[in-house]
Structures are given as C-alpha cells and as structure tokens.
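Here is a short report for a first look at this model. Please keep the view open while reading.

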Amino acid sequence: MSFERLLGPDEITRTIRRLAHEIIENNSGTGGLVLVGLLSRGYPLAVRLAAAIGEFEAERPPVGRLDIGLYRDDVTQRSAPAMIRPSEIPVSIDGATVVLVDDVLFTGRSIRAAMDALIDFGRPARVRLAVLVDRGHRELPIRPDFVGKNIPTALVQSVDVHLAELDGDDGVYVVSQEAAHA
Amino acid sequence: MLEVSNSDAISTATNLQWHAKDLLDTDTLTPEEIELVLTTAEAMHEVRSRPVGKVATLRGATVVTLFYEQSTRTRASFEVAAKALGADVVNLTASGSSVEKGESLIDTIRTLEAIGADVVVMRHGKSGAPYLAARHTSASVINGGDGTHAHPTQALLDLFTMRRHVGSLEGKKVVIVGDVLHSRVARSNLWTLMAAGASVTLCGPATLLPHTLAGQGEHGRCDVTTNFDKALEGADIVMALRIQKERQNSGLIPSLREYIRGYQLNARRLQIANPGALVMHPGPMNEGIEIAPDIAHGLGSVIEEQVTNGVAVRMALLYLITTARAR
C-alpha cells in the first residue's frame, strides 16, 4: 500500500478560503445562506468554511450537520453502515440556500442520500454542493458547484482526507494498493 | 480555527457494530454494545423530534409483533418504532390467531418466517419462550418480555432515559423497589445498570426479593435490602415496580395496605433521596399503591418520558438488528 500526499495543511486552508469566496460570489453575499456538513468529515469542513466566510463578510452563516446513515440506498443490502449520529440543523432551511459540504465526492450516492435527509428538515430554495476533493467515478447524475481540487483516481485507489479536528492533522492522500504488476 | 463542538457526535472511531441475530436479554450485551444502542437511539430521538418523525430506512423489512400476553406500551411502541423506520408491521396476539387452535410456538414462529418476517418481537408468559423461538427460526427475535425473566428493551430505554438526565451512571445509586423477584424489568435493568457502573439497590418485602443477587456485579454493585427508607439514602434514581394484585392472594404480601406502609414511593420518602432524584416506573402504574399520584406526576418524574424514549430505543434496536442481518 502506498500513500501520496496531494494537499498539505496550508493548501487545505487556502482551498477552503477560495471555496468561501466562491460561495459568497455565487450567493451574492451571505443572505439566506446555511452550510450543512455531512458527518463525519464534511462537518468540520463546513465549520471552517463558515468561519472563512465570516471573515470576508459581515456575517457568518449558520452551520448544521447531517448524518446520512438512515438514507443510504444499501442499508438492507450490504456492507456495514457506520454508527448513526444525531443530525442537527440549528435554523429553518425553508427558503434558504443550503450548501452541502463533504470531503470527497465519489459515486454521488452520499449526496443523493444527503438531499433526501435535507428535504426532511424543510424546503430550501436551492441546494448547492461544495467538496474538498472530486475524485470522479460518479454513479448518479450529480455534480458539485464548488470543488477544492479535482483528483483523477483509479477505482482501486482511495482518497483519505485527514482533518485536524478528527485526525489530529490536515492532509489529503491518495492510497494505492500495490498494483498487480504490469 | 473554530472548535468543532461536541466532538463525540462526529467521532469517526466507529468500529462498533451490532452482530447478534437476536436480542433476548441484556446480560449478554457488552458495555460497548450498550453504548452503540444508546448512541443510535440518540439519533433516532432526533428523527422523532422532527416535524415528520419518519424515515424510510427499513422499507422492505417486515416486523411482526407476536404477543401472547397483553401489553399497551411495548406493543404500540414497537409498532410505532418499526413504522417510523419505514418497515411493514404485522401485529399478532394469541387470541384470534391459530394459537387458539393449538398451534405450537415453534410452528407459529416458522410460519411467520415463511411469510417473510425479518424480525419477530415476542412477548410470552413463560420465561425462556423467546429463546426457544429464536433457536427455531432464522428471523431475528426481540424479547418483548418473557415471564419473570427478561425485558431487555425496557432496560435499555430506562438506561437511555437515565443517561439523558444524569449523564454517566458511574457511581450513581439506583434503587429499584417492589416485587423484584417476579420482575423481568428489574432483572434486565440490573445487568445494564451494573455494566454502566451504577450501584443498584433492590428493595422490597423479604418474600419478593431475590436474595441470591446480593453482592453480585464485577463493575457496578448490587445490594438487596428490605428497608426502603434506608435504601433511599443517597439515591440518585428511584424506580418503583408495579405490584401485581395477585401477589396478595398468593400470600407473598400480607395486604396492600401493609405494602403501601412499607414500600410506597411517596413525597416523604422521596425527601430522603438526593435532591432532584429521578422517579421512574416501567408502567402500567397502580397509583396510590407502589407510587403516590403526586410523585408519579411530580417534578422529578420521567415516567412519560420513558414511554417516549422507548420508541427511539426500539427504533435503534430494529435498525441495528435489521442491518446486521444484511451483512
């Protein structure tokens, strides 16, 4: 197994600041803006994004967190669902512009589940998607509005995002199994 | 950088998984499994607090409630829990089913499996009946109360309710008063409470106490006493059990009046416990017998909350057991 670091702590910080600017520009400010992070790693990213937005604008948007475990499409079919944790969105999302935040966009199934989960909390005027990494291989017609970094990957690889709040350090890694030699 | 509040809620250290096919009692649960149930129940509690407290997670799954004994809250609670997760629910009672024609428990459970039941929630008057059923079916069996033996979902919802009020149970004193000997609630509670590190005092007339349990427990501890006033000293939680009126006829208590004098949880006695002590009861209550009405509905009472929390805890168990089946 080999690890390749694609983003370090400074790059992650700069990427988040750029994403914050893009979100402000797209939304023409912070009016009606709510950031909702997917558990586990989307949530600390949403908190950081909100802080950055608060730095550039007068107002820091509210941040919620969403557990999508109950909305997955494979619950009764396969694989171990992670532990379910309480979701929390501190404000009404009716009529709001909700930006879903996640660390890695891959098949799009998590985002599909997140949209289902979100709709159970209210009816946002619009839903946007911000991700730190887009690694490709979509299985659903879902595309991100704000992308930190596009990282083309092979299906056998995986992308590990480390965030200081959960992992003690910041970094984005591509993990490759030892290739069956060509 | 901003702190991420409540890091527990987003912790990724979730190697915890549910493995067991059935839930028959709490004595086989590890502290980690109990933790998994309680954490999942917190998430379910949040779902129930939404305007539409329902998700579709278990759509396609069939839950059968098979009740050989009467029940209001347990059966209704399981039905609401299963429906809140999107499962289909079939309710069977002994009366009106083929049980009346003499169908055996094993045949009944096999029939339910053949119909497509994924989970059978079962209540039976005979201790151990769910164990027998579980051995003869690949469906998951959840014990909804068997004889005088066990009532695991009640114990878990009790622990969930306690934790929401007092936090960790480590070192907390819990007094369970009443007909402990015949109480499946007390028995199942004892295992979860001791696993949580609480010190449990079982209290009641000598004829209604399981004296063999005294001094048990590796982590928490269990005491047995007939002196209720003494037991209440330093108590953080007091749980009164229903006194079954049949006990009087069987000679185990001299009279209800005598019982009330010695063991009713009332305002005077509650004063002995720690200030703000929680008052609990698994229901159904005999108000004026084991518990005074003003206490049952007083400030420290979480009796109705126990019922509400029961739905969240049963959702958690149905979710964990059903998803474990898929693995």
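The report goes from whole chains to single residues.

This is a predicted model: local features need pLDDT of at least 70, side-chain atom pairs count only at pLDDT 80 or more, and totals for chains, interfaces and linings use all residues. Residues are numbered from 1 along each chain as its sequence is written, while chains are lettered from A and ligands numbered from 1 in the order in which they are written.

## The two chains

Some terms come first. Helices (H or I, at least four residues) and strands (E, at least two) are DSSP runs, numbered from the N terminus. A residue is buried if 20 or more other C-beta atoms lie within 10 Å of its own, exposed if 12 or fewer, and partly exposed in between; C-beta atoms are placed from the backbone. Two residues are in contact if their C-beta atoms, placed from the backbone, lie within 7 Å.

Along the sequence, chain A reads β-α-β-α-β-β-α-β-β-β-α-β. The radius of gyration of chain A is 16 Å, close to the 16 Å that the globule rule gives for 182 residues, so chain A is as compact as a globular protein of that length. That radius is taken over C-alpha atoms, and the globule rule is 2.2 Å times the number of residues to the power 0.38. Among contacts in chain A with a separation of 6 or more, 68% link residues 24 or more positions apart.

In chain B, 73% of the contacts between residues at least 6 apart in sequence join residues at least 24 apart.

## Domains of chain B

Chain B is divided into domain 1 (18-150 + 308-326) and domain 2 (152-302). These bounds come from an automatic or database domain assignment. Taken over C-alpha atoms, the two domain centres are 26 Å apart. Where they touch, 27 residues of domain 1 are in contact with 19 residues of domain 2. On the domain 1 side, helix 2 (31-48), strand 4 (140-146) and helix 13 (303-326) of chain B each supply at least two residues. That side has 12 nonpolar, 10 polar and 5 charged residues. Here Ala, Val, Leu, Ile, Met, Phe, Trp, Tyr, Cys and Pro count as nonpolar, Asp, Glu, Lys and Arg as charged, and the others, Gly among them, as polar.

## Strand 6 of chain B

Strand 6 (residues 199-203) of chain B is mostly covered, with 5 of its 5 residues buried. In a regular strand the side chains alternate between the two faces of the sheet. Ser199(B), Thr201(B) and Cys203(B) are buried on one side, and Val200(B) and Leu202(B) are buried on the other.

Two strands pair if DSSP finds at least two bridges between them. Strand 5 (residues 173-177) of chain B runs parallel to strand 6, joined by 5 bridges. In this pair, Val174(B) stands opposite Val200(B). The chain passes from strand 5 through helix 7 (residues 184-195) to strand 6 of chain B, in a right-handed β-α-β crossover. Right-handed means that, with the strands pointing away from the viewer, the path from the first strand over the helix to the second runs clockwise.

Strand 7 (residues 221-225) of chain B is also parallel to strand 6, again with 5 bridges. Thr201(B) stands opposite Asp223(B) in strand 7 of chain B.

## Backbone details

Most residues other than glycine have a negative phi, and most peptide bonds are trans. A cis peptide bond joins Leu39(A) and Ser40(A), with omega about 10°. Ser40(A) is in the loop between strand 2 (33-38) and helix 2 (42-56) of chain A. A cis bond also joins Gly283(B) and Pro284(B), with omega about -5°.

Ser28(A) has a positive phi, near 50°. Ser28(A) is exposed because 9 C-beta neighbours lie inside 10 Å.
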